Amino acid sequence: MKKFLTKSFAWFGYLAVLLLLPQFFDSILAVSLFNQMAIAIVFALSYNMLLGQGGMLSFGHAVYFGLGGFLAVHALLLIEFETVYFSIVYIPLLAGLVGLLAALFIGSFSTRKAGTVFAMISLGIGELLAASSLIFVSFFGGEAGVSGDRTYGPPLFGVEFFQGIEIYYLAAAWVFVATLFMYLFTQTPAGRMANAVRDNPERAEFIGYSARRVRYISFCASGFFAGIAGGLYALNYEFVTEETLNAVTSGRVLLMAYIGGLGYFIGPILGAVILTLMNSLLSNYTDLWMLYLGILFLLTVLFLPKGFAGFIMMHRVAWLQRRIGKLVLPYLATGIPAMLFMATCVLMLELSHLEDESLSVLSIDLSASSPFTWIGLLLIATISMLVTRRTLPALREAWEFANHMTDEPESKS
Amino acid sequence: MSILTLNNVHKRFGETPIIRGVNLSIEEGERHAIIGPNGAGKSTLFHLISGKYPVTEGTISLRGQAIQNLPPYEIARRGLARSFQVTNIFPRLSVFENIRCGLLWKMGYGYSFWNLLGRQHDLNTAARGILDQIGLSQRADYPAGELAYAQQRALELGIAIASGAEVIMLDEPVAGMSHSEAENAVALIRRVTEGKTLIMVEHDMSIVFDIADRISVLVYGELIACDTPSNIRNSEKVQEAYLGTVTADE
């Protein structure tokens, strides 16, 4: 029992965070933000089953999300017109099954190869479906989309799902269950072989596994969970349009998984949270948030190719060698001027873009029309950049030292 | 009884013949080495047997069952495992996971997505056992791609034997190793292939003559001799063809 508790510690923490978040932030805006995060987490995790765990780069993952969403909103309509009558809490499961069905069919020919072939097929299928969604108006509702009403179903323990918070708890329950099952999948033979095929499909075949079959299984599971995310989306917004299954949505989920970190289970969760926050909050403060998102993606690709989670996991060897402590000071020495450099750049961007020409930072008024502001900011930026560059070799040296493999590893506790 | 039989095997890439009618029969428990000058088709022969390439003509049988042109995973399931000339492991998985993946099919897990790996006691014990055998227990949690070269080769051998195969094929297992590393590797190969059938391609003649029960000499896609090490050493035909082509190459 004790072993079970320690092993499950992270999961209890995750559950607690999911349940308690709206207790601390209970504004309508916050709850709507949490709903978006919940949906994004399931969607991004399902995407990572393909790209991170299975090595399949998909440009059309929104297909399964969108189909799940459309089916869910039609299910709401069926309930509303009393064709069928069941609680809406089961709708995400139905949506998941639709995602699974679509994946069973599409995966049967798209998983033959990974790499470019798979990517191009996914792009083609995505475009095909987005285009036909505008043609088959009776199911997809054309450009106007389809809307439903989630409050017609039978109440569950008196809850009728009028409010966002009620949907949040429903979503949180589904997110927890979906996350748990997606994690457990990574711990099964099929899930582990997906990693093996990602790393080296040829070798996998020589230990008895068909790379195609392994990919197909991951692909179907991924379609199922993307469908669940689509169902949650439909329940939250009660409105589904072509946008949910087009390339924009496919692109967004790719960004989330990539920025969060491919190949690590918590990566997409981090990515989903970060991108949803940027999407909703940053856009309140600045018109330039899309620019920052682009820069963030670029910086991630260039400097942290394994994303935020990958950055954390990069320290594994240093940790096993018990040399992680040697990295703290060099990190601070490089990190602080680097942060200062970035902050100054952001300030300059914002100043150049301001309408009322002045900005107050740390109770200093900066005026965009004064040359001293610009000279000062440029000076700070230049100095902080130079300091960053000067400290880099020391950081690199510390890194090399911490990661140097000794012949006999120090015994682990 | 012969465990692996090649009957008149041909391989052509387009018009170019690479393997030209190889007949070979390998006995159970034998240690067989294939030697020959560069470009003789040794690696191609390995790829034909293990299913990486389809054969153009001829039959290959494992324990009397035809295996030519089967996909590699089918051949692996029938008990033939191999290593590669260039290191071929799962670089981002841990050393332990590499071995465990090698064990999965033999232990009957198939494509299961309902068993949790962490709870499979027998599987994990077997994986640790193999890590002990190849001397990588202390590196179990390291990403395989971070190992030193000789250790990666040992890991690759470990993956091959994990499958429980009766026939192990090693393609230049000690290439690129220092002398002492190679000595260790040879000792390891002897130990882990005990009681199994071993087929290896190797350039280092001292190792070949040391390990092999029989040696086949492949020159331009044809077997010109197949005999015991001492007979091969003394064969004029081999000396002439083998050394002759080497000098012609240079």
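Hi everyone, let's start with chain A, which has 18 helices and four strands; these are DSSP runs numbered from the N terminus, with helices being H or I of at least four residues and strands E of at least two. What you see is a predicted model, where local features need pLDDT of at least 70, side-chain atom pairs count only at pLDDT 80 or more, and totals for chains, interfaces and linings use all residues. Residues are numbered from 1 along each chain as its sequence is written, while chains are lettered from A and ligands numbered from 1 in the order in which they are written.

First, the overall form. A compact globule of 413 residues would have a radius of gyration near 22 Å, and chain A agrees with that at 24 Å. That radius is taken over C-alpha atoms, and the globule rule is 2.2 Å times the number of residues to the power 0.38. The C-alpha trace of chain A spans about 70 × 65 × 45 Å along its principal axes.

Now a helix pair inside chain A. Helix 3 (residues 28–54) and helix 12 (residues 247–260) of chain A have axes that come within 9 Å and cross at roughly 75 degrees, which makes helix 3 of chain A roughly perpendicular to helix 12 of chain A. Here, axes are lines fitted to C-alpha atoms over the stretch in contact, with angles from 0 to 180 degrees between N-to-C directions, and roughly perpendicular covers 65 to 115 degrees. Helix 3 of chain A brings residues including Phe43(A), Tyr47(A) and Leu51(A), and helix 12 of chain A brings Val253(A) and Met256(A), among others. Contact is counted when C-beta atoms, placed from the backbone, lie within 7 Å.

On to the partner chain. How many residues does each chain put into the contact? Chain A gives 29 residues and chain B gives 33 residues. On the side of chain A that touches chain B, helix 9 of chain A holds the largest share, with eight residues. That side of chain A divides into 15 nonpolar, eight polar and six charged residues. For the classes, Ala, Val, Leu, Ile, Met, Phe, Trp, Tyr, Cys and Pro are nonpolar, Asp, Glu, Lys and Arg are charged, and the others, Gly among them, are polar.

Finally, confidence. The model scores ipTM 0.89 and pTM 0.87. Chain B averages a pLDDT of 89, with 96% of the residues at 70 or above; pLDDT is the predictor's confidence in each residue, from 0 to 100. Among the elements of chain B, helix 9 (residues 236–249) has the lowest mean pLDDT, 64. Where pLDDT is low, the predicted coordinates should not be read in detail.

Technical notes: Two residues are in contact if their C-beta atoms, placed from the backbone, lie within 7 Å. Angles under 35 degrees count as roughly parallel, over 145 as roughly antiparallel, 65 to 115 as roughly perpendicular and the rest as oblique.
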